[in-house]
Amino acid sequence: MKKWLIPALIIGAFLLFGISSYNGLVDVQADTKTAWSKVESAYQRRNDLIDNLVSTVKGSADFEKSTLEAVINARSKATSITIDPTNVTPEQLEQFQQAKGAEMSALSRLLVSVERYPDLKTTEAFRELQSQLEGTENRINVERDRFNDAANVYDKKTRSFPAVLFAKLFGFGEIPRFKSDAGAEKAPKVNFDFNK
């Protein structure tokens with residue numbers, strides 16, 4: 001048997017395993033990118049609905065302009081943040097979440113202030129937009145969970161041996177996940193005593 005045959009077989013096996021590992025890493029990375037694009041799509045749907053809701057509310061002449069401006073500014077800030085899911089840092093994801101939280105907070109204030117405008121609340125367009133926003137919030141939660149699942153598969157693949165060797169070699173890093181807002185682990189206090 002030739003002396004070069006055994007080293008050539010070892011090198012060939014290593015190359016084949018490296019190619020297979022790399023392709024597997026690319027697959028899970030692509031799945032994570034797809035999951036992230038679905039998160040962005042759900043947030044885009046919310047943004048579109050907010051635009052329509054603000055336009056509907058603007059029609060009420062005496063509606064508080066500061067509330068509308070707060071929603072418009074929060075939406076503008078939230079849409080200015082873009083993320084590449086394959087290079088995202090925990091800090092970038094936190095900043096993204098904070099911007100989206102501020103947007104939702106401003107929207108909540110808008111919806112609360114609408115309570116003082118019974119004519120606006122009863123319009124079919126407003127009720128339909130409000131219903132679509134509720135459904136969109138559920139979609140956002142589902143897509144965030146799916147992104148976290150995809151990131152988990154990706155991270156397990158990039159951190160398992162021996163694929164971790166190729167992951168480091170080709171720059172496949174860890175992907176942070178969505179986390180709950182600070183204080184979300186505490187149950188809210190509900191007080192039904194309306195006399196206080």
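Val26 belongs to helix H1, which covers residues 5-58. With a relative accessible area of 30%, Val26 is partly exposed.

The average pLDDT for the protein is 82, and 87% of the residues score at least 70. Where is the confidence highest, and where is it lowest? Helix H5 (residues 124-159) comes out highest with a mean of 90, while helix H4 (residues 118-121) is lowest at 71. There is also a stretch to treat with care: residues 192-196 have a pLDDT below 50. Beyond near neighbours in sequence, that stretch has one contact in the model. Where pLDDT is low, the predicted coordinates should not be read in detail.

**Charged pairs**

Side chains of opposite charge can pair when their charged atoms come close. How many salt bridges does a search of the whole structure find? It turns up five. Here are some of them:

| Pair | N to O distance |
|---|---|
| Arg46 and Glu103 | 2.9 Å |
| Asp51 and Arg75 | 3.1 Å |
| Arg177 and Asp155 | 2.6 Å |

Start with Arg46 and Glu103, whose side chains meet in a salt bridge. Arg46 sits in helix H1 and Glu103 in helix H3 (residues 90-114), so this pair ties together parts that are 57 residues apart in sequence. Are these two buried or exposed? Arg46 is buried, because its relative accessible area is 3% and the limit for buried is under 20%. Glu103 is buried too, with a relative accessible area of 1%.

Next come Asp51 and Arg75, joined by a salt bridge of 3.1 Å. Asp51 is in helix H1 and Arg75 in helix H2 (residues 65-79), so to speak two distant parts of the chain, 24 residues apart, linked by this pair. Asp51 is partly exposed at 34% relative accessibility, whereas Arg75 is buried with a relative accessible area of 18%.

The salt bridge between Arg177 and Asp155 has its closest N and O atoms 2.6 Å apart. This pair also links distant parts of the chain: Arg177 lies in the segment after helix H6 (163-169) and Asp155 in helix H5, 22 residues apart. Arg177 counts as partly exposed at 25% relative accessibility, but Asp155 is buried, with a relative accessible area of 2%. Some salt bridges share partners as well: they join Arg46, Glu103 and Glu137 into one network.

**Rings on rings**

Now for the aromatic side chains. The structure holds ten aromatic pairs. One of them is Trp36 with Phe96, a tilted pair with 5.3 Å from centre to centre and 55° between the planes. Trp36 is in helix H1 and Phe96 in helix H3, 60 residues apart, which makes this another link between distant parts of the chain.

The ring centres of Phe96 and Phe178 are 6.3 Å apart and their planes meet at 55°, so the pair is tilted. Here the link runs from Phe96 in helix H3 to Phe178 in the segment after H6, 82 residues apart. Phe178 is buried, with a relative accessible area of 7%. Which residues form one aromatic cluster? They are Trp36, Tyr43, Phe96, Phe147 and Phe178.

**One more buried residue**

Finally, find Glu143 in helix H5. Glu143 is buried, with a relative accessible area of 13%. Leaving aside its neighbours within four places in sequence, Glu143 is in contact with Lys38, Val39 and Ala42.

Technical notes:
Residues are numbered from 1 along each chain as its sequence is written. This is a predicted model: local features need pLDDT of at least 70, side-chain atom pairs count only at pLDDT 80 or more; totals for chains, interfaces and linings use all residues. Side-chain values use heavy atoms; hydrogens and water are left out. Helices (H or I, at least four residues) and strands (E, at least two) are DSSP runs, numbered from the N terminus. Buried means under 20% relative accessible area, exposed over 50%, partly exposed in between (1.4 Å probe, protein chains only). pLDDT is the predictor's confidence in each residue, from 0 to 100. Contact means heavy atoms within 4.5 Å. A salt bridge is a side-chain nitrogen of Lys or Arg within 4 Å of a carboxyl oxygen of Asp or Glu. Rings of Phe, Tyr and Trp (its six-membered ring) pair if their centres lie within 6.5 Å; planes under 30 degrees apart count as stacked, over 60 as edge-to-face and the rest as tilted.
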